[in-house]
Amino acid sequence: EEGRFSIAVVVYEKLSQLLVRQPQRIGEIDLVITDEMEILSDPERGADAELLLTRILCAGSRLIGLSAVLGQAEKLAQWMRAELVAHERRPIELRYGVLHNGVFRYKTYNDLGEDTESLVDVEEASYQDTLLLNVCALAERGESCLVFAKTKFETRHLAEALAEQFCGGACEEAIATLEKLEATRCRDSLLRTLSQGVAFHNADLQPAERELVEAAYREGHVRIMVATSTLAVGLNLPAQNVFLQAEKWRYDRQLDTPWKTPIYQGEYENMGGRAGRYGAGHDFGRSILIAMTPFEEETYWRRYVEGEREGITPRLSKEPLENHILRLVASRVCITIAGLVDFLECTLTGRWVWAEEFTLEEIESRIRAAVNRGIEAGVIERSDIGEFAMDEESLVATPFGVAIATKGIQIQSAVVLSRWIEASIDRSWLPIDLLYATTATQDGQMLQVMLSSQEYEHAGYTDQIRELTWGECLDADVPLNRIRNSTLQPFFEEVRAIKVSLFLNEWLDEVAVADLEERYNTMAGQIHAAAEQASWLIDATATLAISRGIATEHPFVEELKTMAERVQKGLHADAARISRCPIGLSRRQCIALVAAGFNSIESLAAVPAAALHPYLNDTLADQVHHWATVYNTNCADPDKASPGAQALLDLNGAVIPVPTLIVDDRRPDQIILGGESIHLQEKQFQLMRLLANSAGSCVSYENIYTSLWG
């Protein structure tokens with residue numbers, strides 16, 4: 001954010017938010033490499049990516065786009081004003097085709113030939129039996145297999161079925177590590193499957209479980225991996241054989257229901273392309289679709305083996321335009337209606353959709369309507385003061401609007417949270433009150449959390465939240481009270497939000513994950529994902545409160561910030577403070593330390609490292625003790641700390657000897673030399689900083705002049 005980087009690796013949304021706070025950063029970036037360009041068609045993220053890439057192009061930065069599955073690439077290259085560089089050969093040959101009645105009919109990617117191969121045939125077998133027998137047969141030949149399934153439940157079910165039929169070697173190291181993790185349904189299932197060299201990978205796993213499975217697969221200990229399609233994007237986990245299904249589940253927000261749909265050609269190639277990857281150590285790979293009838297075989301062959309990749313489908317026109325206009329105005333990219341028209345006409349949507357469907361007047365009318373909606377919401381305002389005052393009214397983002405843009409939330413969600421702030425600043429409120437306020441917003445919808453029809457009708461989540469808040473006042477106009485006061489059955493998504501609020505409320509009380517899974521018919525990965533999402537929205541609520549004029553030091557804001565940290569980690573306040581240790585303590589370890597009386601960083605520093613050994617392994621205990629000692633010395637009261645006594649930590653938490661010279665950007669009025677504080681003027685400090693950054697080499701006068709005076 002301060003520009004002190006040579007290479008930055010970021011996701012689209014985080015860079016967009018950063019450029020609201022620091023818009024000048026875009027002018028300092030010489031080269032942008034954007035991977036997975038097909039994200040422009042993504043219903044959830046495509047519009048944000050499109051807007052960001054347009055901004056990069058308008059800023060004049062050099063842009064290189066990458067994709068392995070992009071249709072109509074020439075058309076996209078024209079929009080980017082780029083040269084198309086296409087490479088049609090794979091480093092390892094890929095056989096991709098359809099398996100039916102034991103015959104694998106395939107094409108070769110590089111040679112463009114067509115041939116067949118005999119695999120396992122079982123008469124009158126079901127799809128699952130055909131899949132299991134062929135996967136096991138290939139794995140027993142020493143070939144790694146990656147199986148893609150439609151749902152998270154299916155990945156676990158298939159992995160367990162494969163482990164019953166496949167006799168692979170036990171992944172002993174992974175099992176030993178897994179046994180030390182907190183008990184969850186997925187952990188217990190993985191312990192069974194890993195004993196036969198089989199694993200599964202999906203969003204229901206905790207982060208530590210996912211990392212363990214990925215490492216075991218890369219090291220070759222796991223011979224068979226069953227995964228959801230998310231594994232096909234962003235993770236380099238190659239296999240000799242990939243089995244995939246031609247259907248997937250898609251959630252339709254307009255219909256508010258999931259439905260089964262064929263996978264896209266790009267998705268087929270992305271998943272199948274995990275086979276035959278460079279460095280996998282195979283002569284070729286197989287991408288296999290299983291067909292149960294001759295009709296399916298012919299359909300899959302025409303649709304996928306001989307099919308053409310889909311082109312990009314811009315998403316900007318399918319979303320509320322005011323959210324994107326706010327980010328452009330807040331980051332000062334566009335500050336007039338004319339500027340917005342010029343910029344949005346340069347987007348993919350502007351060039352490919354609006355230019356064909358609307359006149360220039362209609363485009364401007366749509367933009368004006370979106371600006372007016374932003375003004376009505378209090379996020380944008382008109383100003384006759386500014387560089388465009390002589391020609392046209394300027395647009396500026398209000399503090400409320402800037403807060404929304406920097407946190408990356410939607411205006412609709414921010415309005416709901418702002419109302420909760422107004423109703424709550426002067427009253428006492430329970431954590432579940434805030435949890436439901438955030439999860440009931442548009443940004444708080446958590447489709448990854450399971451809610452069956454049976455749960456919706458009979459689980460009694462609405463009654464539970466009423467009983468939990470029985471003694472609380474019903475007068476405040478907040479989402480929780482609207483549910484409590486209503487006699488009607490809540491909508492499906494409202495009940496899902498109630499369910500999430502209930503289990504996050506117990507997560508805050510340090511209830512074991514296994515108990516939450518059992519009580520709320522959910523999975524550990526869903527709990528972690530919900531906690532991350534709710535934490536982000538609570539942190540955004542704190543920023544919205546400040547933008548509304550509430551002081552940063554106000555107890556209300558402090559309580560919100562503490563809640564954001566606690567929800568993210570599932571801990572009481574004392575344990576949450578201990579969890580700030582950069583070495584990485586698990587939730588269970590933090591809870592154990594507090595239960596043993598180590599309820600502050602000071603208490604960790606006050607005892608010998610050996611006192612922590614019963615709760616942490618020896619190495620981790622030593623690192624935590626080092627960190628607590630240094631933190632206690634430096635951070636408890638930095639102004640009173642003795643400069644000569646300060647210590648530093650490396651990335652592993654080990655103490656680094658105090659250097660002879662310390663130049664600290666947080667104290668631009670001094671340097672510390674040999675433990676002594678020396679006060680400097682601004683230019684003196686900048687010169688010492690420049691020399692320190694070039695330690696051991698000669699600094700030219702030209703470099704000094706440019707750095708200090710421009």
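Trainee: Within what distance do the axes of helix α12 and helix α14 come, and at roughly what angle do they cross?

Mentor: The model is predicted, so local features need pLDDT of at least 70 and side-chain atom pairs count only at pLDDT 80 or more, while totals for chains, interfaces and linings use all residues. Residues are numbered from 1 along each chain as its sequence is written, and side-chain values use heavy atoms, with hydrogens and water left out.

The axes of α12 (residues 337-345) and α14 (residues 360-376) come within 10 Å and cross at roughly 115 degrees. Helices (H or I, at least four residues) and strands (E, at least two) are DSSP runs numbered from the N terminus. Axes are lines fitted to C-alpha atoms, for helices over the stretch in contact, and angles run from 0 to 180 degrees between N-to-C directions. The crossing of α12 and α14 is right-handed; that term applies if the near helix is turned clockwise from the far one by less than a right angle, and left-handed applies if anticlockwise. On the α12 side, I337, L340, V341, L344 and E345 take part, and they meet L360, I363, E364, I367, R368 and V371 of α14, where contact means heavy atoms within 4.5 Å. Eight residues of this contact are nonpolar, three are charged and none is polar. Here Ala, Val, Leu, Ile, Met, Phe, Trp, Tyr, Cys and Pro count as nonpolar, Asp, Glu, Lys and Arg as charged, and the others, Gly among them, as polar.

R382 has L395 of β14 as its bridge partner. From β14, S394 and V396 point one way and L395 and A397 the other, and all are buried, meaning under 20% relative accessible area with a 1.4 Å probe and protein chains only, as against exposed over 50% and partly exposed in between.

T438 lies in helix α17 and is buried, with a relative accessible area of 0%. Apart from neighbours within four places in sequence, T438 is in contact with L417, G444, L537, I538 and T541. In helix α19 (residues 461-468), the buried residues are Y461, T462 and I465. These residues cover an arc of only 105 degrees around the axis, which puts them on the same side of α19; the arc is that of the directions from the helix axis to the C-beta atoms. The buried residues of α19 pack against α17 (431-439), α18 (453-458), α20 (479-485), α21 (492-508) and α22 (513-520).

The sheets complete the account.

Seven bridges join β3 to β12, and the two run parallel; Y96 stands opposite S287 in β12. Six bridges join β3 to β4 (residues 103-108), and here the strands run antiparallel, with L99 opposite F104. The hairpin of β3 and β4 has two residues between the strands, and N101 in it takes a positive phi near 55 degrees. Elsewhere in the sheet, four bridges join β6 (residues 145-148) to β8 (residues 224-227), which run parallel, and L146 has M225 as its bridge partner.

An open sheet of three strands, ordered β17-β18-β19, has antiparallel pairing. Its edge strands are β17 (661-662) and β19 (676-679), each pairing on one side only. Four bridges join β18 (residues 670-673) to β19, and I672 stands opposite S677 in β19.

Methods
Two strands pair if DSSP finds at least two bridges between them.
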